[in-house]
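Try each task yourself before you read its solution.

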Amino acid sequence: MKILQLAGTSDARQLAIELMKEHFQVITTVVTENAKKELKKAGLEVIVGRLTDSDFFELIKRNQIDVVVDGSHPFAEEASKNAMKAAKLAKIPYVRFERPSQKFRDKLIIEVDSYEAAADVAAKKRGNIMLTTGSKTLEIFTRKLLHLPNTRVIARMLPRKDNMEKCEHLQIPQKDIIAIQGPFSKELNIALFRQYNITLMITKESGRAGSVDEKIEAAKELGIETIIIKRPNIHYGTSFSNIDEVITYLKGEDFNGHGFSY
């Protein structure tokens, strides 16, 4: 069986490696060169770049793909929709692999449905705000927050050249950039919150593998309010949150009625 897998997270990349060990033929897609190196080192074929539905469809047809396994980040909404559309057009199964969702309940936690809503809440609260939401949506926050009085925006993101260029373009001062790669322990989060005297932290509900727990526990310990952006509401269809479940499903004799063998 030939699989096209979106491998946008560390756990998804582990799934790709396990699928290869189970003798599936796997072609992976990632967005960053760093993720590519990790998978190439494991012996997997890797395609780098943000793909449209047409790109996915061409990959499926050119490589005679039997099934799409979507292991993209919970917030990579466009990638999932493009992969689903391409699989449907190619008339092959689509399987979603996503780290489990988490629920947080505390008086210091505010849940919102979008980045825009998070920026609006932050604009009302002001203070020293730490963004841990990545660079992709950074402009939403800088547009609504940077001009406000009594407001400092600290952007924490991966130490990549394109991220630093984006910060420069959006006029985020160097002293307000934390370029570092996680995962982060609770203790490190506490140290960073204290260093920048943070009064509000913004994060996404990325799941335990995204170290959200450590951020929130650190903020709670220091009495810092947290805005959590909930995951996009997407109906994936067949979906799993465990690597073994995906493998068992794909190896099933009547997998989606196709009876594939490998």
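**Exercise 1.** Decide how α5 and α6 are oriented to each other, and list what joins them.

*Solution.* Helices α5 and α6 are roughly parallel to each other, because their axes cross at roughly 25° and angles under 35 degrees count as roughly parallel. Keep in mind as you work that the model is predicted.

- Step 1: locate the helices. α5 covers residues 115–125 and α6 covers residues 138–145, and their axes come within 9 Å.
- Step 2: find the hand. The crossing of α5 past α6 is right-handed.
- Step 3: list the partners. From α5 come Tyr115, Glu116, Ala118, Ala119, Asp120, Ala122 and Ala123, and they meet Ile140, Phe141, Lys144 and Leu145 of α6.
- Step 4: sort them by class. This contact of α5 with α6 holds eight nonpolar and three charged residues, with no polar ones.

**Exercise 2.** Work out the geometry of α3 against α4, then the make-up of their contact.

*Solution.* Begin with the axes.

- Step 1: α3 (residues 53–62) and α4 (residues 77–90) have axes that come within 8 Å and cross at roughly 45°.
- Step 2: that angle makes α3 oblique to α4.
- Step 3: α3 passes α4 with a right-handed crossing.
- Step 4: on the α3 side, the contact uses Asp53, Phe56, Phe57, Ile60 and Lys61; on the α4 side, the partners are Ala79, Asn82, Ala83, Lys85, Ala86, Ala87, Leu89 and Ala90.
- Step 5: by class, the α3 contact with α4 has nine nonpolar residues, one polar and three charged.

**Exercise 3.** How many cavities of 30 Å³ or more does a search of the whole structure find, and which residues line the largest cavity?

- Step 1: searching the whole structure gives one cavity of 30 Å³ or more.
- Step 2: the largest cavity holds about 30 Å³ of space.
- Step 3: its lining is made of Thr9, Asp11, Ser72, His73, Pro74, Phe97, Glu98 and Arg99.
- Step 4: the lining of the largest cavity divides into three charged, three polar and two nonpolar residues.

Definitions and conventions: Residues numbered from 1 in each chain as written. Predicted model: local features only at pLDDT ≥ 70, side-chain atom pairs only at ≥ 80, totals over all residues. Heavy atoms only, no water. 1 Å grid on protein atoms, 1.4 Å probe; cavity = no way out; pocket = protein on both sides within 12 Å on 5 of 7 lines; lining within 4 Å. Points joined across faces, edges and corners; volume = space filled by probe spheres on them. Nonpolar A, V, L, I, M, F, W, Y, C, P; charged D, E, K, R; others polar. Axes fitted to C-alpha atoms, helices over the stretch in contact; angles between N-to-C directions. Helix = DSSP H or I, 4+ residues; strand = E, 2+ residues; numbered from the N terminus. Parallel < 35°, antiparallel > 145°, perpendicular 65-115°, else oblique. Left-handed = near helix turned anticlockwise from the far one by under 90°. Contact = heavy atoms within 4.5 Å.
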